[in-house]
Amino acid sequence: MLLRYIEPVFRPPSEWKSLILQVTNGCSWNKCTFCDMYTAPQKRFRAQKLDKILEDIKVVANTGQNITRVFLADGDAMSLPFERLEAICLLIQEHLPSVTRISSYCLPRNLKNKTSEQLTRLRELGLSLLYIGCESGDDEVLNRIEKGETYASSLTALLKIKAAGIKSSVMILNGLGGSGLSEQHAINSARLMNAAQPEYLSTLVVTLPLGTERMDSAFDGHFSLPNQAELFKEMHTLLGHLELERTIFRSDHASNYLVLKGTLGKDKPRLLAEVKQAISNPLQTSLRKEWQRGL
């Protein structure tokens, strides 16, 4: 099927089977010092017109394919007003009736102008999963990376999502605090997750393919990315402080050296043991090589 995307388009790894419906272009915040995803000139943020979205939906519908999942791209479709999101969900319902799940990235700040009743309405229309890039639960780290969020604002959004019956998939960035803030980054990220109890939690490793200049500036002139052993130690600290009841945990993104999968908390002892093995005996642990890693 031929859809007119404004490249590059990013999506969560778990959405590889989904229809990617570009309802916005770029990211509504786009100031985070670690992120280069939407810095290209053509990725300047703007909302797509509803008639263009409808045209794309009809193109897909006319193929006759059995579409069951739709991911609303780009970086933060939830920046759209409730009325626009409601209209998009209704169009999906009308023209793609086999869809059972609609999902999107979501910045915590963009839920401030949406009521619990509005979020519940979107869930009733199929929006059942939001990917929240919390990145960290530590206020110092969040301030340095210019996330524009705090522990409190992230938790407020996550609890609001849960109250509406929408599932949340949270991303935490391993190494985001550099070597100097590694421990507090891990401990406070665990504290945030314990308070929110998300349905899904994933960790990615910070990667800076376009250089470290922006992160260096944020960290007093020099950002020191933890080495492999330090990343494993930070992961061990994070897991050790997590007290989750029934959260599906994944650390299998291509950026990770060590692949970890389980459900927290029942798999916590096993996961801690796997990380400890990687720390004490990396040569005897199945790790990704540098050439195997990526965004």
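Predicted model: local features only at pLDDT ≥ 70, side-chain atom pairs only at ≥ 80, totals over all residues.

**Helix packing and the loops around it**

A: Let's start with Asp74, in the loop that runs from strand 4 (69–73) to helix 2 (82–95). With a relative accessibility of 0%, Asp74 counts as buried, because the cut-off for that is under 20%. The peptide bond between Ala73 and Asp74 is cis, with omega at about 10 degrees. A polar atom of the Asp74 side chain sits 2.9 Å from the backbone nitrogen of Gly26. Gly26 also turns up among the contacts of Asp74 once neighbours within four places in sequence are set aside, together with Val9, Phe10, Gln22, Thr24, Asn25, Tyr38, Lys43 and Tyr105.

Another aspartate worth a glance is Asp56, and this one is in helix 1 (residues 50–62). Asp56 has a relative accessible area of 4%, so it is buried. Leaving out residues up to four places away in sequence, Asp56 touches Leu3, Arg4 and Leu21.

Now for the helices, taking the pairs along the chain. Helix 5 (residues 151–163) and helix 6 have axes that come within 9 Å and cross at roughly 25 degrees. Angles under 35 degrees count as roughly parallel, so that is how helix 5 runs relative to helix 6. The crossing of this pair is right-handed. On the helix 5 side, the contact is made by Tyr151, Ser154, Leu155, Leu158, Leu159 and Lys162, and helix 6 brings Asn188, Arg191, Leu192, Met193, Ala195 and Ala196. Sorted by class, the contact between helix 5 and helix 6 has 8 nonpolar, 2 polar and 2 charged residues.

Next, follow helix 6 (residues 182–196) over to helix 8 (residues 228–241): their axes come within 8 Å and cross at roughly 30 degrees. That makes helix 6 and helix 8 roughly parallel too, because the angle is under 35 degrees. Helix 6 and helix 8 make a right-handed crossing. Helix 6 takes part here with Ser182, Glu183, His185, Ala186, Ile187, Ser189, Ala190 and Asn194, while helix 8 answers with Glu234, Thr237, Leu238 and His241. The class count for the contact of helix 6 with helix 8 comes to 4 nonpolar, 6 polar and 2 charged residues.

The crossing of helix 8 and helix 9 is left-handed. If you want to click through the contact, pick Phe232, Lys233, Met235, His236, Leu239 and Gly240 in helix 8, then Lys268, Leu271, Leu272, Val275, Lys276, Ala278 and Ile279 in helix 9. By class, the contact of helix 8 with helix 9 has 8 nonpolar, 2 polar and 3 charged residues.

Leu264 and Gly265 are joined by a cis peptide bond, with omega at about 15 degrees. Gly265 belongs to the loop between strand 10 (260–264) and helix 9.

Glu146 is in the loop between helix 4 (139–144) and helix 5, and its phi is near 55 degrees, which is positive although the residue isn't glycine. Glu146 has a relative accessible area of 42%, so it counts as partly exposed. Asp220, in the loop between helix 7 (213–218) and helix 8, also has a positive phi near 55 degrees without being a glycine. At 67% relative accessibility Asp220 counts as exposed, because the cut-off is over 50%.

Terms used: Residues numbered from 1 in each chain as written. Heavy atoms only, no water. Axes fitted to C-alpha atoms, helices over the stretch in contact; angles between N-to-C directions. Helix = DSSP H or I, 4+ residues; strand = E, 2+ residues; numbered from the N terminus. Parallel < 35°, antiparallel > 145°, perpendicular 65-115°, else oblique. Left-handed = near helix turned anticlockwise from the far one by under 90°. Contact = heavy atoms within 4.5 Å. Nonpolar A, V, L, I, M, F, W, Y, C, P; charged D, E, K, R; others polar. Buried < 20%, exposed > 50% of the residue type's maximum accessible area, 1.4 Å probe, protein only. Polar contact = N/O pair within 3.5 Å; in protein donor to acceptor, adjacent residues only side chain to side chain.
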